[in-house]
Amino acid sequence: MALGQFRSYVWDPILIISQIIAVQSIFYLFLGIWFFCIYNFIGQQVLVQHLFDPTIVSFSTGGRIYLCVFILNSLSNSIALWFIVQRAKQCLDFTCTSHFIHLIICWCVSSFPTAWTWWVMNVACIVLTSLLSEYMCMRYEMKAIPINNNGTP
């Protein structure tokens, strides 16, 4: 590690892969929790298909609920990125990776998303998640480091 650097920049694929798995797991955990809470609140049945069906996204009543769930999930994911990644420079990378994995899973489970609303929603969620997580990480990184003088409480 060079003098004056806080963190070493050694390539650590095990750390990166474990962070991706953790971020993706939290992405789907909170997506499921938000779907369960909101759909039960409005009295609709929750299906696993709702998590992966890109045709649901629209500006109709049901589609707006779907959009709200993903926005709430962006807030949850930004907090998760703050805890897991803890680097403002990497928040966009991990956010794009989790949404890219979600795209691949949606494509495999249902169909390739062709609706422009699905793409706009995902880009907006990527922007929201990365901005919030970067802000929280920067605030954390900029915290003052306490220096304890000997003999002073």
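Asn77 touches Ile26, Phe27 and Thr129, leaving aside residues up to four places away in sequence. This description rests on a predicted model. Asn77 lies in helix α3, which spans residues 61-84.

Is Asn77 buried or exposed? Asn77 counts as buried because its relative accessibility is 6%, and the cut-off for burial is under 20%.

**Overall fold**

The chain contains 5 helices and 0 strands, and its pattern along the sequence reads α-α-α-α-α. Of the contacts between residues at least 6 apart in sequence, 75% join residues at least 24 apart. The chain has 153 residues, and buried residues make up 33% of them. Its accessible surface comes to about 9,900 Å², with 71% belonging to carbon and sulfur atoms.

**Annotated segments**

An unreviewed UniProt entry carries the annotation "transmembrane region" for residues 21-43, 63-85 and 92-112. Computed values for two of these segments are set out below.

| Segment | Helix content | Strand content | Distance between end C-alpha atoms |
|---|---|---|---|
| Residues 21-43 | 96% helix | 0% strand | 32 Å |
| Residues 63-85 | 96% helix | 0% strand | 31 Å |

Methods. Residues numbered from 1 in each chain as written. Predicted model: local features only at pLDDT ≥ 70, side-chain atom pairs only at ≥ 80, totals over all residues. Heavy atoms only, no water. Helix = DSSP H or I, 4+ residues; strand = E, 2+ residues; numbered from the N terminus. Buried < 20%, exposed > 50% of the residue type's maximum accessible area, 1.4 Å probe, protein only. Contact = heavy atoms within 4.5 Å. Areas by Shrake-Rupley, 256 points an atom, 1.4 Å probe, with all protein chains shown as cover. UniProt positions renumbered as here; feature names shortened; annotations may be inferred.
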